[in-house]
Amino acid sequence: MIQAYVPLLILALVAGGFAASNILITFVVGPYRPTREKLSPYESGMTEIVPPRQRFPIKFYVIAMLFLLFDIEAVSFYPWSILLRSLHFAGFIEMLIFVAILLVGFIYVWKKGALDWE
Amino acid sequence: MRDAIDIIAESLIKSVVAIGFLFASFGYLTYAERKILGRMQSRYGPNRVGPFGLLQPLADGLKLLLKEQVTPREVKTFVYLAAPAISIFVALMAFAIVPVGPPFFLFGKERIMAIANVNIGLLYLVAILSLGVYGIVLGSWSSANRYSLLGGLRSSAQMISYELSLGLALIAVVVLAGTLSPMGIVAAQNQTGMSWFFLLQPIGFLLFAIGGFAETNRAPFDLAEAEQELVAGYHTEYAGMRFALYFAAEYINMVTISALVTTLFLGGWVGIGNGIFFNITSAPWAQLIGVFWFLFKSAAFLFLYIWIRATLPRLRYDQLMWFGWKILLPVAVLNLVVTALYVSLI
């Protein structure tokens with residue numbers, strides 16, 4: 001069965017080599033005439049005032065954490081989804097309980113306002 | 001030993017052909033997009049380079065290759081260079097499990113028209129699609145530019161939000177088909193005449209299509225490149241070939257999503273009316289006809305991509321998040337529950 005993954009490994013090698021050579025070729029072809037202005041971060045033509053690395057809104061962290069929770073939920077659906085035909089109605093009920101527990105969490109998140117974006 | 005050489009040679013040939021095909025389709029997808037957008041806006045689109053402008057993609061590629069590479073002062077060089085490579089690598093890997101046609105015999109062995117036939121196909125696909133975020137996040141962060149950072153954050157938050165409903169739509173398909181293998185799903189759709197999953201799973205199809213649009217950062221979800229606010233989003237600081245890799249990754253992802261829509265919802269490489277009027281799998285030239293149907297369906301969905309770009313305005317960011325979390329996610333869960341109820345009762 002492990003044989004089935006050999007093509008993926010080979011594709012990974014070919015695609016990886018292709019991607020890397022495309023990056024490396026940029027050092028060989030094309031002119032290179034840097035000036036001070038050319039190498040400054042793009043600011044729509046303005047002079048740079050504050051350093052570009054700054055903190056960003058916490059909102060994005062919250063979304064990322066919620067994503068992790070719900071994505072793990074989605075992953076635990078996969079084995080169930082293949083077996084459902086042999087689990088019959090009992091399998092459906094079990095999944096319903098799982099979804100119900102998740103739903104409580106989802107409603108909590110919703111009411112807390114974590115999904116609102118202003 | 002001969003078997004090992006056979007497998008390696010077969011996968012090498014398939015990999016090179018697939019990458020060549022994906023890049024060719026990238027080039028001509030940009031051409032088709034500009035041409036169709038032009039026509040929809042009463043313009044001609046590219047028509048100078050070659051007949052009907054058909055050599056335009058080659059000219060563009062050559063130009064991008066020969067451009068000066070500007071690497072701004074404050075970038076984290078290694079990550080900055082690796083990020084576009086990650087993006088294109090992930091985009092190329094995702095296509096591996098899509099069957100583009102029926103199997104055929106060559107040199108005394110049955111060959112499949114997909115790079116790999118793994119039994120966890122869709123799980124692999126979801127894993128690979130999730131990796132796409134890395135190219136964008138790393139590229140935007142390492143650029144040391146505010147537009148890049150904001151664009152990258154926006155698109156990564158958007159991609160992970162819509163990935164949820166995309167994944168749940170996939171699970172509904174798996175529940176119906178009872179297998180994770182794309183080939184099994186194509187077979188399941190063509191068992192009894194016409195039972196393509198866009199008929200059995202209309203909501204799942206919509207969810208997958210919307211999620212696919214958001215995953216590829218395309219209109220109306222192209223907030224990462226909202227020109228008026230963010231210049232070019234996460235690839236603001238990239239030039240020449242490095243930019244081209246991001247660009248290629250976006251278009252190749254579009255091709256992959258279209259191929260997936262074809263495989264999972266539109267019956268794959270099997271033509272309309274198969275099993276009712278005729279049986280295509282036993283016909284001569286079955287392979288060529290199969291590939292034709294696959295390309296035709298994928299092209300139709302790609303046209304939808306461009307059509308929507310010409311039609312719909314861009315969403316606002318709060319609308320995007322609201323839509324993804326408060327509408328799509330509950331609908332996706334509900335769709336899955338209803339599908340599971342149906343399957344568990346039969």
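Q: Where does A:His88 lie?
A: A:His88 is part of helix H2 of chain A, where helices (H or I, at least four residues) and strands (E, at least two) are DSSP runs numbered from the N terminus.

Q: What kind of model is this, and how are things numbered?
A: This is a predicted model, in which local features need pLDDT of at least 70 and side-chain atom pairs count only at pLDDT 80 or more, while totals for chains, interfaces and linings use all residues. Residues are numbered from 1 along each chain as its sequence is written, and chains are lettered from A and ligands numbered from 1 in the order in which they are written.

Q: Back to A:His88, what is its phi?
A: A:His88 has a positive phi of about 55°, although it is not a glycine.

Q: And how exposed does A:His88 count as?
A: A:His88 counts as partly exposed because it has 13 C-beta neighbours inside 10 Å; a residue is buried if 20 or more other C-beta atoms lie within 10 Å of its own, exposed if 12 or fewer, and partly exposed in between, with C-beta atoms placed from the backbone.

Q: How does its radius of gyration compare with that of a compact globule?
A: Chain A has a radius of gyration of 25 Å, whereas a compact globule of 118 residues would have one near 13 Å; the radius is taken over C-alpha atoms, and the globule rule is 2.2 Å times the number of residues to the power 0.38. Along its principal axes, the C-alpha trace of chain A spans about 70 × 50 × 15 Å.

Q: Which residues of H1(A) are buried?
A: The buried residues of H1(A) are A:Pro7, A:Ile10, A:Leu11, A:Ala15 and A:Ala19. Seen down the axis of H1(A), they fall within an arc of 165°, so they line one face of the helix, the arc being that of the directions from the helix axis to the C-beta atoms. On the other side of H1(A), A:Leu9, A:Gly17, A:Ser21 and A:Leu24 are exposed.

Q: What do the buried residues of H1(A) pack against?
A: They pack against helix H1 (2-40) and helix H3 (77-94) of chain B, where two residues are in contact if their C-beta atoms, placed from the backbone, lie within 7 Å.

Q: Then how many residues of chain A are in contact with chain B?
A: 56 residues of chain A are in contact with 68 residues of chain B. H1 and helix H2 (59-112) of chain A each supply at least two residues of the side of chain A that touches chain B, and H2(A) gives the most, with 20 residues. The residues of that side of chain A divide into 40 nonpolar, ten polar and six charged, counting Ala, Val, Leu, Ile, Met, Phe, Trp, Tyr, Cys and Pro as nonpolar, Asp, Glu, Lys and Arg as charged, and the others, Gly among them, as polar.

Q: Switching to chain B, is B:Ala83 buried or exposed?
A: B:Ala83, which lies in helix H3 of chain B, is buried because 28 other C-beta atoms are within 10 Å. Leaving aside its neighbours within four places in sequence, B:Ala83 is in contact with B:Gly135, B:Leu138, B:Gly139 and B:Ser142.

Q: How many residues of H4(B) are buried?
A: H4(B) is mostly covered, with 17 of its 22 residues buried, and B:Ala144, which follows H4(B), has a positive phi near 55°.

Q: Finally, where in chain B is confidence lowest and where highest?
A: Confidence in chain B is lowest in helix H9 (residues 227-230), at a mean of 68, and highest in H8(B), at 89; pLDDT is the predictor's confidence in each residue, from 0 to 100. The mean pLDDT of chain B is 83, with 94% of its residues reaching 70 or more, and the model scores ipTM 0.83 and pTM 0.88.
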